[in-house]
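Here is a colleague's note to be read alongside the structure, with each point kept to one part of the fold. Please keep the picture in view while you work through the points in order.

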Amino acid sequence: MNGGSGPCYGNHSNHGRPGRHSHGHHSNLPPPGHGQPPLPFTPLPAAAVHGGARSPAGGTTGPRRPRAARLGQLHQRRDAALPERGQRPGPQGHVVPFLTHPRVPALHLDSGTFLFSPNAICQYFFLLAGKEPSDLTNQWLEWEATELQPAVSTALYRHVVQGKKGGEVLGKTLSYIDQRLTGKAAPYLAGEAESLADIVLWATLFPVLRDEVCQLDELQALRGWFQTMSLLEPCRSAVESVLTPKGAQEFKAYLQKQPVPSLHREKPATNEPEEEELAERSLSEEEIAGAAEAWARGPAALPERWQPSHPVLPVEGRRNVLITSALPYVNNVPHLGNIIGCVLSADVFARYCRLRNWNTLYVCGTDEYGTATETKALEEGLTPQQICDKYNTVHTQIYQWFDISFDYFGRTTTAHQTTIAQDIFRRLLEKDVLRRDTVEQLRCERCQRFLADRFVEGTCPFCNYEEARGDQCDKCGKLINAVELKKPQCKVCRDSPVVKSSQHLFLDLPQLEGRLEKWLEQSWATGDWTANARFITRSWIRDGLKPRCITRDLQWGTPVPLDGFRDKVFYVWFDAPIGYLSITASYTDQWERWWKNPEQVQLYNFMAKDNVPFHSVVFPCTLLGTQENYTLVNHLIATEYLNYEDGKFSKSRGVGVFGDMAQDTGIPADIWRFYLLFLRPEGQDSAFSWHDLLLKNNSELLNNLGNFVNRAGMFVCKFFAGRVPSMELGADDKRLLAHITLELRQYNQLLEKVRIRDALRCILSISRYGNQYIQVNEPWKRIKGDDADRVRAGTVTGVAINIASLISVMLQPYMPSVSATIQRQLCMPQAYSVLPDAFLCLLPPGHQIGTVSPLFQKLENEQIEALKKRFGGGQAHAARVAAANQTPPGAGEGAGLAGDPQKAKELAEEVAKQGAHVRQLKASKQEKGQIDAAVARLLELKQQLALAEGKTPEPLAAKGKKKK
């Protein structure tokens, strides 16, 4: 934090990730969802983050260029385009010549690029100093741009222009920062030292905290942090450079020219707009007039619904969207976190794309090769192919129940997979980007086999997590070579493996790194990658790419077509992403029109964050290495993790809801979809909660959305014989149309950026507008009044039923069954299932609607408590086992235990089946490790059966080596 030039000024509009402005595409707009005037300028202390390293003499040795600097032109030597200290140019000064609106000074790079976001400039200087932002820092930057800036803009406007207390707006926002600081042992937002996040948040908060727009009396941690930051020399210098005697009042002339800011679309994910906030949004006369004009155009303004051919193929001149979701492992039943992280998120976007008339193909399928399948086959006494057939059916049924709209759901155990994977391999071999090397591997002498990654478990060498897999640690996320694990164990027999050598093939990632970085720069500049996807990818490149093994000593997989390696198969993370191509080939023999057509196709990948490096580094390098014209990912959408209550999902412990269980709860699929999408873990991990599910169902769906649609329909049926009445729009009605149009446009903007969770809140805001509209105008009373009142009742009812029709279309990506139900009740033509750009009158006077009935049912506490207990089985099971193990000798069977007859019956059948399997293995003289694993499974089933029968189970006999 030494030395540097003058302070940064600017339109503080986003946190400007490096590379985004390197091609001359300059945008001064805030991120989607803001709707705020930009802050005219705030004191960002560039001096605090100057890239020069101090020399002993007190000068600078020049900027240290980090590895990631090669990714964008932002990391070039800067020119001196900032004003000298003491100069105060004011918010109206023209600096950037090609911007038509007046802006404050910017940073001019050698490339000719201008940086005019202080956040981007600040991050630029940090990167020059070799300070790559951490994941936590990036989360703070995203929160500052989407939550804090709108709140500060509104608070300043209220304080400076309206003379109101701006602090009321900032209450929850400041409390959030205070809570995060209070809960940390470190004094700063992201650790023990000042970070980019501290600088950016301090600068944003300075105008409101310095002028005491809000009080910090009760926010001790925030007050201490702000004072500490304000005393830093670079921050003090920045304040002196931009401060005027007027303080925040300096902004008055500027803010008076801006529309009244509104916060109702920028609320944090867990908060919803209140009615007074809905009513407060300021509208211009142009917006109101435009909304009324669009409304009057009616159905004629709808674009014709696009009907793609079958199979769906790219069409020249149309927007062609190819969507994939990470291929689920066939051996596992997906839990709710798996479903929201991949297939459900991708489904929402695919449905949205179709509503926008984009030519869309959505493919997915089960990932069936590899260790995980072999492991499951051993457990169940089936062949790998039988396991794949069994669980592919399970997955298919689950996704059908959740109403996932795949154009094609396939699998990777196909001839197409073998052909395409081997063809790509041969191309890589021809292009000399494969290497041979000898690998030390873990081998289990008891099982007489090399152990693939997922057959090994041990302690992570990085974070000491005790259940790390042989390829990756689920806790810290780092990739691991199995031989690096501490205290490794064979997952089949629990014996300790030994290290032995085997020759393998490697993809030469260092050789491909230059091509990868060039492609990433272009993809990041033009595509939408989530912050975590960018961060994870940057961290891989920053640490330096290493050759990646692409073969494994297994039998179940795509064979390696090369002499000396024909007894091996391709490693699943080389093979599995090729499944996207082979599954498309199973759908159409013209698959290359999608996958070798980057000029016409936009590719979206959906996944959880643990899959990012394989989709952003390994697979792109594979395709780049072939030197063929493959379609590479344009938009990589990664979620964080969804947890279950206070822990993790666990099938073995009976904790959490899995896909095959959700349909047995009596809760409809659309309710599950809604709740999972409402808490979609976009910026940070989130947690499923039964009581929150009850709350969201009863408040958001039943009392808000369902209540509005039902009331609107009932008024038409009860007061107007089921026909939409005539409407005579007044000023208030036209203002409502404008509000609805703004929400619709916001919804479209958010979903185009794949901000799925935020877009859902636009639908709920529209239904709130509708409820408020009905409540204020009281059509049930006016219908009994004079002619003017009856006309007013008709107008309100007609507008309300049209709002319901719009909601039915906007809801379709999220709750397709509920959407279809609303449209049936309103007798809406199929041609209306297109998303317009404005709110249109689609149900004109005289339109006959059908029978209206409630859309949602109330969830009761007793029902939810029972479900919570049922799916929290891990804790209950542990308690029963503990009680059983503590039963003193001589105690009667079943002391203190309750039986479960139905479960006992199911387990008795499983015990009999597993017993027969063990006998068959022994009779056929199978490998000892395989027999031991089957016996261990049999004993485990017998213990579970004893518990279900209300008996005390026999403790498992210790066999082999004791675990330390």
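**Notes on helix packing and sheets**

1. In the pair formed by helices H21 and H24, Phe674, Leu677 and Phe678 of H21 meet Ile756, Arg757, Leu760, Arg761 and Leu764 of H24. Sorted by class, this contact holds six nonpolar residues, no polar ones and two charged ones. Helix H21 covers residues 669-678 and helix H24 covers residues 756-777, and the two pack at an angle of about 115 degrees with their axes 8 Å apart.

2. Before going further, please bear in mind that this is a predicted model. The chain has 31 helices and 20 strands, and buried residues make up 59% of its 964 residues.

3. On the H22 side the contact involves Trp690, His691 and Leu694, which meet Asn861, Ile864, Glu865, Leu867 and Lys868 of H28. The residues of this contact divide into four nonpolar, two polar and two charged.

4. Turning to the sheets, one of them is an open sheet of five strands in the order S7-S6-S5-S17-S18, with parallel pairing. Its edge strands are S7 (408-411) and S18 (635-639), each of which pairs on one side only. On average, and with direction ignored, neighbouring strands of this sheet are turned by 20 degrees against each other.

5. Within this sheet, strand S5 (residues 320-325) runs parallel to S6 and is joined to S6 by five bridges, while strand S6 (residues 359-366) runs parallel to S7 and is joined to S7 by four bridges. Which residues does valine 363 of S6 pair with? In S7 the bridge partner of valine 363 is tyrosine 408, and threonine 324 has valine 363 as its bridge partner in S6.

6. Next, please look at helices H11 (residues 371-380) and H12, whose axes come within 8 Å and cross at roughly 95 degrees. Since angles of 65 to 115 degrees count as roughly perpendicular, H11 is roughly perpendicular to H12. Here Thr373, Lys376, Ala377 and Glu380 of H11 meet Pro384, Ile387, Cys388, Lys390 and Tyr391 of H12. The contact has five nonpolar residues, one polar residue and three charged residues.

7. A separate open sheet has three strands in the order S11-S10-S12, with antiparallel pairing. Strands S11 (468-469) and S12 (486-490) stand at its edges, each with a single partner strand, so one side of each is left without a neighbour in the sheet. Strand S10 (residues 456-459) is joined to S12 by three bridges, and the two run antiparallel. As an example of this pairing, threonine 459 stands opposite lysine 486 in S12.

8. Antiparallel pairing is also found between strand S8 (residues 434-444) and strand S13 (residues 498-507), which are joined by 10 bridges. Arginine 436 has leucine 505 as its bridge partner in S13. Strand S13 pairs with strand S14 (residues 548-549) too, in the antiparallel sense and over two bridges. In that pairing, phenylalanine 506 stands opposite cysteine 549 in S14.

Technical notes. Residues are numbered from 1 along each chain as its sequence is written. This is a predicted model: local features need pLDDT of at least 70, side-chain atom pairs count only at pLDDT 80 or more; totals for chains, interfaces and linings use all residues. Side-chain values use heavy atoms; hydrogens and water are left out. Contact means heavy atoms within 4.5 Å. Ala, Val, Leu, Ile, Met, Phe, Trp, Tyr, Cys and Pro count as nonpolar, Asp, Glu, Lys and Arg as charged, and the others, Gly among them, as polar. Axes are lines fitted to C-alpha atoms, for helices over the stretch in contact, and angles run from 0 to 180 degrees between N-to-C directions. Two strands pair if DSSP finds at least two bridges between them. Buried means under 20% relative accessible area, exposed over 50%, partly exposed in between (1.4 Å probe, protein chains only). Angles under 35 degrees count as roughly parallel, over 145 as roughly antiparallel, 65 to 115 as roughly perpendicular and the rest as oblique.
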